[in-house]
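Here is a quick tour of some charged side chains and the partners they pair up with. Take a look at the structure first, then read on.

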Amino acid sequence: FFLMIRRPPRSTQGVSSAASDVYKRQVHGRAMCKDKIKFLHEKNPEVKVVPRPNELNTTFHKDIDGILTPENAEIIYGFSVPKISSVDDMKEVDDFLTKKEKQFGIKQSTYKVIPWLETTKAIVNAYDILKRYRHRIEAAAFGGDDFCTDFGIKRTVNDVEMELPKKLFALYCHAADVVGMDTPYIHISNPEGLKRELDQLKQFGFKGKFAIHPSQVDIINKAFSPEPKEVDYSKRLVGAFEKAMQEGKAAMIFENQMVDIAAYKRGVNTLKRAGLRKQIKFY
């Protein structure tokens, strides 16, 4: 479950007459976030709570300090961090979270991070960022609107202008063994458009997508979950292939098709997506 700590509008920052109101809104936002963390945990202790602080060059450190307490330090799963563009940015996040883990007596790298890569520089640096801090990063998010703003291009309805950076992002995520998640689909009254986009994203290699409205959650979850018939087939394939491997075979005929280790790995990945398997036994 993601919680966002809203930053006040840029137009009010640094304006002396509005400074008091800005500060009050920041404090209020952090207090609301702490209350929501407690509420979510009491309602469902199994839920993974991931607050979203503001970016490093604004109130990131104050946001983390303002919401982490001895009462919730072990409840929070991680943080969704915007505007990560370089290895140095991620180092700053990692160092600060390590400091907080020590403060609360928590094992290092317990807090996971979902960095938002939202600029051309971020996409160019993506693999280095994700691979170097894989101990901290479980997933990464592509930020569409901010990417278009940074690149100086207009975002269209079908996001055709972002096809290349999205493919690169998904590629780098996979190479770094990180879950690649796409930017939210902003047309909340067009579920068919969302479904078409999800079909395309799966072909690009994305493993998830952020929802901007509750009505999108089930559509997104269904799209990234394997069909029952796909799961059943994978169970049969994986079981048969592992038996063949134990007999010293590297390929076999399965249901009138020749299959090898690549087909086996795809089957295991399907079972992993369905929550039925954690790893591959044979390579």
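## A bridge between K83 and D146

In this predicted model, the side chains of K83 and D146 come together in a salt bridge, with 3.4 Å from N to O. K83 sits in the loop between strand 3 and helix 3, while D146 belongs to helix 6 (residues 144–151), so the pair ties together parts that are 63 residues apart in sequence.

## Around K83

Let's stay with K83 for a moment. The loop that holds K83 runs between strand 3 (78–81) and helix 3 (87–103). Leaving aside residues up to four places away in sequence, K83 touches E55, D89, W116, E118 and D146.

Take E118, one of those contacts: E118 is 35 residues from K83 along the chain, yet their C-alpha atoms are separated by 5.9 Å.

## Other salt bridges

How many salt bridges does the structure hold? There are 18. One of them joins the side chains of D159 and K166, at 3.5 Å from N to O. Here D159 is buried, with a relative accessible area of 6%, and K166 is buried as well, at 3%. Salt bridges with shared partners link D145, R155, D159, K166, D182, E197 and K209 into one network.

Another salt bridge pairs the side chains of E247 and K249, at 3.6 Å from N to O. K249 counts as partly exposed, with 43% relative accessibility.

Technical notes: Residues numbered from 1 in each chain as written. Predicted model: local features only at pLDDT ≥ 70, side-chain atom pairs only at ≥ 80, totals over all residues. Heavy atoms only, no water. Helix = DSSP H or I, 4+ residues; strand = E, 2+ residues; numbered from the N terminus. Contact = heavy atoms within 4.5 Å. Salt bridge = Lys/Arg side-chain N within 4 Å of Asp/Glu carboxyl O. Buried < 20%, exposed > 50% of the residue type's maximum accessible area, 1.4 Å probe, protein only.
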